[in-house]
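Thanks for coming. I will go through a few contacts in one model, then stop for comments.

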Amino acid sequence: MTIDMDVPRPKDWVMAIAPYVPGRSTTDDGRKVAKLSSNENPLGTSESARAGFAAHAADLERYPDAGAGALREAIASHYGLDAARVMYGTGSDEILHLVAGAYAGPGDEVVFVRYGFAVYEIATRRVGAKPVIAPDLDYATDVDAVLACVTDRTRIVFIANPNNPTGTYSSKAEIARLHAALPKTVLLVLDQAYAEYLEDADEDGGLELAKTRSNVLITRTFSKIHGLAAERIGWGYGPAAAIDAMHRIRAPFNVTAAGQSAAIAALQAATFIANSRAHNDRWRAWFHDEIGKLGNAGLRAIPSKANFLLVLFEGQLSAETTYKALMDHGYIVRWLPGQKLGHGLRITIGTEDDMLGLVAALREIVGDAGGMTA
């Protein structure tokens, strides 16, 4: 893009940002088909959350509670936290941006892993800081590689666990090892957007670190297992000093009244959450196995603990070709060439019908490409 020198000029670091590209919901020809591109909950939203949302239909002329007091108290009660140290935002994305805005700027460095969440680089460049990308370990977080990237200019380390878009997971021991080796002046931000899909035994210890350490902050969202993606509600927890700094640059009234009410109700929908996790466990395992059966055609699924699989195309059939062919069959998935994953498709775990139909379509596409063997 050419910038006219005789008009106001945006900052160079802003112009270096590659804008975030969301998952599509329609095909190239405008058809609305099965959407498996944005990691949304295929079971929808709990009835209690819907009722909480609807309860504010008559209050549209009123500003929401700017301090989100009831929401912070509900989160704190649910997880055993101090409500004063709960941050809230327009999705967890806003909180990631607040962290970068409070702790990094020109001359500073922010570390995250290759194939990490796209917002990390955007948030880093937005404040003029330098993104430092750590090499991966077969698409997973390599703690030693992350630590090797840390310098005296490092201000933040972003780690998603489970990671998006790969679905990979770092154990509690690895997260503890990473934190222990970081300088106390570096803020470790653990993005736990998919934490509710983990089994209890897989909990990574991040929330306990955020409770007890001065340089750890976690972020979570109501967009995934809770099914409130339309309302964009995220939250975070960390040391009081970090929360105070973030409040100084947080937009006022950043979470809607209906969204706050829906999120409070969503926390109590234990049966819905359990059913969502069980559905995901079942169909993610099944889908992983089905991709394994297509290995002779060069397809490989990265083991995932989130609500999606990253499927790699390592043979003659390309991810781009398959992406377009799946649209023709009525399925939209996520192709990520902008994240250097042009050889992969991130595919959300959908309904039973979605998964059965998707795999049937994949097998047909592979067969048409000559990739099936007897």
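Lys-211 counts as partly exposed, at 28% relative accessibility. This is a predicted model, so take the values as computed from it. The side chain of Lys-211 meets that of Glu-208 in a salt bridge, 3.9 Å from N to O. Both residues sit in helix α8, 3 residues apart, which is about one turn of the helix. Glu-208 is partly exposed as well, with a relative accessible area of 44%.

How many salt bridges does the structure hold? The count is 18. Asp-93 and Arg-232 form one of them, at 3.7 Å from N to O. Asp-93 belongs to helix α4 and Arg-232 to the loop between β7 and β8, so this pair ties together parts 139 residues apart in sequence. Asp-93 is partly exposed at 22% relative accessibility, and Arg-232 is partly exposed at 29%.

Next, Arg-220 and Glu-196: are they buried or exposed? Arg-220 is buried, with a relative accessible area of 8%, and Glu-196 is buried at 9%. Their closest N and O atoms are 3.9 Å apart, in a salt bridge. Arg-220 is in strand β7 and Glu-196 in the loop between β6 and α8, so the bridge links parts 24 residues apart in sequence.

Now the helices. The axes of α3, residues 69-79, and α10, residues 257-267, come within 9 Å and cross at roughly 15°. That angle is under 35 degrees, so α3 counts as roughly parallel to α10. The crossing is left-handed.

Last, the surface. Trp-13, Val-14 and Met-15 form a nonpolar patch there, with about 240 Å² of accessible area together. Val-14 lies in helix α1 and is partly exposed, at 36% relative accessible area.

Key. Residues numbered from 1 in each chain as written. Predicted model: local features only at pLDDT ≥ 70, side-chain atom pairs only at ≥ 80, totals over all residues. Heavy atoms only, no water. Patch = residues over 30% accessible without salt bridge, like charges linked within 9 Å, V, L, I, M, F, W, Y side chains within 5 Å. Areas by Shrake-Rupley, 256 points an atom, 1.4 Å probe, with all protein chains shown as cover. Salt bridge = Lys/Arg side-chain N within 4 Å of Asp/Glu carboxyl O. Helix = DSSP H or I, 4+ residues; strand = E, 2+ residues; numbered from the N terminus. Buried < 20%, exposed > 50% of the residue type's maximum accessible area, 1.4 Å probe, protein only. Axes fitted to C-alpha atoms, helices over the stretch in contact; angles between N-to-C directions. Parallel < 35°, antiparallel > 145°, perpendicular 65-115°, else oblique. Left-handed = near helix turned anticlockwise from the far one by under 90°.
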